Amino acid sequence: EKLKKEFEERGIVVIEQFLTRAQAEDMRREMSEIVEREGTDETDGKIRQEATSLGQIGVYSETFSNFARDPRLLDILEVLMGPNIELNHTKSVFKTADAPWGSPWHQDAVFWKGGTKITVGLVLSDSTLENGCLQVVPESHREIKPHRDGRDFAKEVDPAIINPESV
C-alpha cells in the first residue's frame with residue numbers, strides 16, 4: 001500500500017484532517033479542562049499554560065482514551081506495523097510560541113528499547129514554525145544519530161548536524 005511505502009521510505013506520514021475542526025476544538029477544550037484540573041508545575045503547584053505536559057492522558061479522559069482505540073487510527077497503524085498493536089504511552093504537550101522551552105532535535109528510537117514503535121501525533125491547534133511546531137527530518141529513521149546529554153532534555157542531537165533544508 002502507498003501509505004506503508006511512504007512510511008518505510010520517509011519514516012513519517014501525515015494524515016491531514018483526521019478529525020474535523022469541530023472535533024479538534026472539542027478535544028482541545030477538553031484538554032484545557034484536564035490540564036486545569038490535573039496538570040501542575042513542579043515548583044508551585046500551578047498550571048503553566050504556556051508550556052506543560054501531562055502523561056497518560058487517557059487516564060483522565062474517555063475522549064482521548066477512545067481516540068487511541070479509534071478503528072480508523074488502528075487501521076492505519078495496522079498497515080504500518082502489522083496487527084499486534086499495543087498502546088505504550090500517551091502524553092499531551094501544551095506549548096505556545098511564548099513557551100520558554102522547546103524540544104531539541106532528537107530521535108525517539110534512542111529512548112525506546114526493542115520492537116517496532118510508532119509515535120502518533122495529534123495536533124489540536126494550528127501548527128506553524130512561528131508557534132513552535134514539530135519538525136521532522138524525513139528518512140532520519142534510517143540511521144540513529146549520536147545523541148549528547150541535553151540541558152532541558154535527556155538526550156539531544158547536536159543541531160549542527162541537522163541540515164535545515166531537509167526538514
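Reader: Where do E9 and K5 lie, and how many residues apart are they?

Author: Both sit in helix 1, four residues apart, which is about one turn of the helix. Helices here are DSSP runs of H or I with at least four residues, numbered from the N terminus. Before we go on: this is a predicted model, where local features need pLDDT of at least 70 and side-chain atom pairs count only at pLDDT 80 or more, while totals for chains, interfaces and linings use all residues. Residues are numbered from 1 along each chain as its sequence is written, and side-chain values use heavy atoms, with hydrogens and water left out.

Reader: What makes E9 and K5 a salt bridge?

Author: The term asks for a side-chain nitrogen of Lys or Arg within 4 Å of a carboxyl oxygen of Asp or Glu. E9 and K5 come to 3.6 Å, N to O, so they qualify. The structure holds nine salt bridges.

Reader: Why is K5 called exposed but E9 partly exposed?

Author: Buried means under 20% relative accessible area, exposed over 50%, and partly exposed in between (1.4 Å probe, protein chains only). K5 has 52%, so it counts as exposed. E9 has 37%, so it is partly exposed.

Reader: What about D70 and R72, how do you know that they form a salt bridge?

Author: Their side chains meet at 3.1 Å, N to O. D70 is at 15% relative accessibility, so it is buried, whereas R72, at 39%, is partly exposed.

Reader: What makes D70 a cap for helix 5?

Author: One of its side-chain oxygens lies 2.7 Å from the backbone nitrogen of R72, at the N-terminal end of the helix. After helix 5 comes G82, with a positive phi near 95 degrees.

Reader: How do you know that the buried residues of helix 5 are on the same side?

Author: Those residues are L73, I76, L77 and L80. They cover an arc of only 95 degrees around the axis, so they share a side of helix 5; the arc is that of the directions from the helix axis to the C-beta atoms. They pack against helix 1 and helix 4, where contact means heavy atoms within 4.5 Å.

Reader: Why is the F18 and F67 pair called edge-to-face?

Author: Rings of Phe, Tyr and Trp (its six-membered ring) pair if their centres lie within 6.5 Å; planes under 30 degrees apart count as stacked, over 60 as edge-to-face and the rest as tilted. Here the centres are 6.0 Å apart and the planes stand at 90 degrees, so edge-to-face it is. The pair links distant parts of the chain, with F18 in the loop between helix 1 and helix 2 and F67 in helix 4, 49 residues apart. Both F18 and F67 are buried.

Reader: And what makes the charge of R72 sit over the ring of F18?

Author: The rule wants NZ of Lys or CZ of Arg within 6 Å of the ring centre and within 35 degrees of the ring normal. The charged end of R72 is 4.1 Å from the centre of the F18 ring and counts as sitting over it.

Conventions. Helices (H or I, at least four residues) and strands (E, at least two) are DSSP runs, numbered from the N terminus. A polar contact is a pair of N or O atoms within 3.5 Å; within protein, one must be able to donate a hydrogen and the other to accept it, and residues adjacent in sequence count only if both atoms are side-chain atoms.
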